[in-house]
Amino acid sequence: MPSYVAARTSDIELQALLETRSSAFGTARAEYPLLMRLRQLVPFEHFAISGLNYEGFGIGKGVFLASNLPVEAIEAYLERRLVERDPVARRLSPDNPVTSCHDLSAEELSSPEGVEIYGFCKLYGIAPRTSFALCHENRMYGAATFTRQTPFSEDERLILLAVARQAHDQLSNEQLAAMNQHLGLTQGERVSLQAICDGLSVEEAADRLGYTPETVQSYLKTVMRKLGVNNRAHVVAEAFRRHLVH
């Protein structure tokens, strides 16, 4: 974990999990407009957009931003930790950003893991899956999965990945906004933080905002406490990581 990551994130993490649970693993977004338009371009059966570009909430951590998979299937997949044995999930990486059940070798399909996953998908009526890695700077933070009995063509895969990235950005920004709201930053704290992230000194920020330097410094100390960091560099890094500033 990077050294600047906040040490005290329990409330934020709890909020993220509660947000996910409250939407029944993203099924509240089963008819997300962007994905419904995608379905008209590239027919598919089930889909799942998972992971969050936030430390500790990547692929396999239980964050499903949107999905029309049966909730019981997602719960069973997470409870049994199938991501650790799933041949499709294990193949996925920044160096191998797309993989499919249709791409698995006969050896992989007949392995104990392959047989287990095949049985799982058959039990819940899940067609063969094609998954795309969602990455940033060689770090995989999420995945988009689409199911269909027949393989997707190369052109279809390009369309699926492009729209999945856009959908994930939209959905994760909504999630991050909910998490940031949970922080409870005041207006003064937000504008002081923005000024510092714009590269201003405390004195310059005070001049821009019409505050005294002592007031800006006080706001920043409160922001640092809420973010669980202890210096200016860390608060700037954390603010950008959490999308608190623009």
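The following exercises, with worked solutions, concern a predicted model. Residues are numbered from 1 along each chain as its sequence is written. Local features need pLDDT of at least 70, and side-chain atom pairs count only at pLDDT 80 or more.

**Exercise 1.** Determine where Met-140 is found and whether Met-140 is buried, partly exposed or exposed.

*Solution.* Step 1: Met-140 lies in strand 5, residues 139–147; a strand is a DSSP run of E with at least two residues, and a helix is a run of H or I with at least four. Step 2: buried means under 20% relative accessible area, exposed over 50%, and partly exposed in between (1.4 Å probe, protein chains only). Step 3: Met-140 has 21% relative accessibility and therefore counts as partly exposed.

**Exercise 2.** State how many residues the largest nonpolar core has and which element supplies the largest share.

*Solution.* Step 1: a nonpolar core is a set of buried Ala, Val, Leu, Ile, Met, Phe, Trp, Tyr and Cys residues joined through side-chain atoms within 4.5 Å. Step 2: the largest such core has 24 residues, and Phe-47 and Phe-146 are among those with the most contacts inside it. Step 3: helix 7 gives the largest share of this core, 6 residues.

**Exercise 3.** Identify the residues that Phe-47 touches, not counting residues up to four places away in sequence.

*Solution.* Step 1: contact means heavy atoms within 4.5 Å. Step 2: the residues that Phe-47 touches include Arg-29, Leu-35, Ala-66, Thr-145 and Phe-146.

Note on methods: Side-chain values use heavy atoms; hydrogens and water are left out.
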